[in-house]
Amino acid sequence: MMMNGGGATEIENLRVGVDVGGTKIEAVLTDAAGAILASGRRTARKGGNEVVEDVAAIVRQVAGMRFGDVRSVGIGIPGLVHRDTGQVENVVNLGIEKLELGGRASGVLGLPVWVDNDVNAAALGAYGTLPERLRQGRMAFVNLGTGLAAGFVRAGLVERGDTGALGEIGHLPVDSNRVACKCGQRGCLETACSGGALRRMWPMADPPLPDILAKAAGGDAEAGRVLGILLHALADVVQIVAQGEDPSVIVIGGGVSRVGSPLLDALRGELRRRESSSGFIAGLRLTERLRLADPSIPIGALGASLIAC
Ligand SMILES: [Zn+2]
């Protein structure tokens, strides 16, 4: 699918942002102000050669007749990203151990290509959709996707920490007796609060969360138990982000968040329960900082276009 907008004839300095996911690749064509002029998506294929081909194809697709005005391309992708070289490692869902993604895509397209971690790109995209008044302080982005991670943006720039590990909250072990995590620890937040966790705990529906919310609202005890596990961990995530980094805005995004306001309402309910027994928590005004990412905007691809410079 491709939507063409804009219509100006003298646009220059266009950028393309590409969000490479485990199942789909999305891209946007943006102007110098970050407005989306066109967007597209295609199914992701496994393998390094396939990813390079698919990235190049979707860049040409969204740019269309304006390919000659594109000045740079940004790519967000899961895994370990070396931003200085454009190399990516361990993109498990795409069967990639090591890929010179930036260099190879640049060679095929004849354009500068920047590569960053997908959560950092999505955080930047989410920041770009905030109203101006909310862009004064810091923003945390919680990516509730197959896994769980956070990204932080301040004054339009992604905060990374000294080694790039800032935001890897999915592998904070909060309960040593709980489920084994693929990272080698036990009881990681990701084992309770992620799309993967929900599929494990609720395999009878895909996606699980709309079904869990509906059945829990109808009094189903098992759905209520699973929802309780999710909400407890998600409220922990909000507290960890708020008390560790103190951002004024916390945006919940990622595939699991697409269920929309029922999730936000349930999370606010859990936070209010904590506030009711703790003046300290009430003073943090956590519920006021929460927002959901707008599911109609491809924030991963938008953010990837913003990392291209
Ligand atoms: Zn873990």
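Me: Asn 90 first: does it count as buried or partly exposed?
Reply: Asn 90 counts as partly exposed, because its relative accessibility is 48%. Buried means under 20% relative accessible area, exposed means over 50%, and partly exposed is what lies in between (1.4 Å probe, protein chains only). Keep in mind that this is a predicted model, in which local features need pLDDT of at least 70 and side-chain atom pairs count only at pLDDT 80 or more, while totals for chains, interfaces and linings use all residues. Residues are numbered from 1 along each chain as its sequence is written, and side-chain values use heavy atoms, with hydrogens and water left out.

Me: Ok, and where is Asn 90 found?
Reply: Asn 90 is in strand 7, which covers residues 87-91. Strands (E, at least two residues) and helices (H or I, at least four) are DSSP runs, numbered from the N terminus. Asn 90 is not a glycine, yet it has a positive phi of about 60 degrees.

Me: New topic: how confident is the prediction, on average?
Reply: The mean pLDDT is 93, and 96% of the residues reach 70 or more. That score is the predictor's confidence in each residue, from 0 to 100.

Me: And where does the pLDDT fall below 50?
Reply: That happens over residues 1-8. Beyond near neighbours in sequence, this stretch has 17 contacts in the model, a contact being heavy atoms within 4.5 Å. Where pLDDT is low, the predicted coordinates should not be read in detail.

Me: Got it. Which residues touch the most other members in the largest nonpolar core?
Reply: Leu 209, Val 237, Val 241 and Ile 250 do, in a core of 42 residues. A nonpolar core is a set of buried Ala, Val, Leu, Ile, Met, Phe, Trp, Tyr and Cys residues joined through side-chain atoms within 4.5 Å. Elements that give two or more residues to this core include strand 10 (138-144), helix 5 (208-217), helix 6 (221-245) and strand 13 (249-253). Helix 6 gives the most, with 12 residues.

Me: Which residues belong to the other core?
Reply: That core lies apart and has 34 residues, among them Leu 37, Val 55, Ala 56 and Val 73.

Me: Back to Val 241: buried or exposed?
Reply: Val 241 counts as buried, because its relative accessibility is 1%. Its place is in helix 6. Not counting residues up to four places away in sequence, Val 241 touches several others, including Ala 140, Phe 152, Ile 169 and Ile 250.

Me: What does Ile 250 contact, then?
Reply: Leaving aside neighbours within four places in sequence, the contacts of Ile 250 include Ala 140, Val 142, Val 241 and Leu 290.

Me: Which residues of helix 5 are buried?
Reply: Pro 208, Leu 209, Asp 211, Ile 212 and Leu 213 are buried there. What covers the buried residues of helix 5 includes helix 4, helix 6 and helix 7. Just after helix 5 comes Gly 219, with a positive phi of about 95 degrees.

Me: What about the peptide bond from Asp 206 to Pro 207?
Reply: That bond is cis, with omega near 0 degrees. Pro 207 sits in the loop between helix 4 and helix 5.

Me: And cysteines: how many disulfides does the structure hold?
Reply: The count is 0. The test asks for a pair of cysteine sulfur atoms within 2.5 Å. Cys 181 counts as buried because its relative accessibility is 11%, whereas Cys 183, at 38%, is partly exposed.

Me: Last one! What lies over the face of Phe 67?
Reply: Arg 60 does, at 4.8 Å from the ring centre. A charge sits over a ring if NZ of Lys or CZ of Arg is within 6 Å of the ring centre and within 35 degrees of the ring normal.
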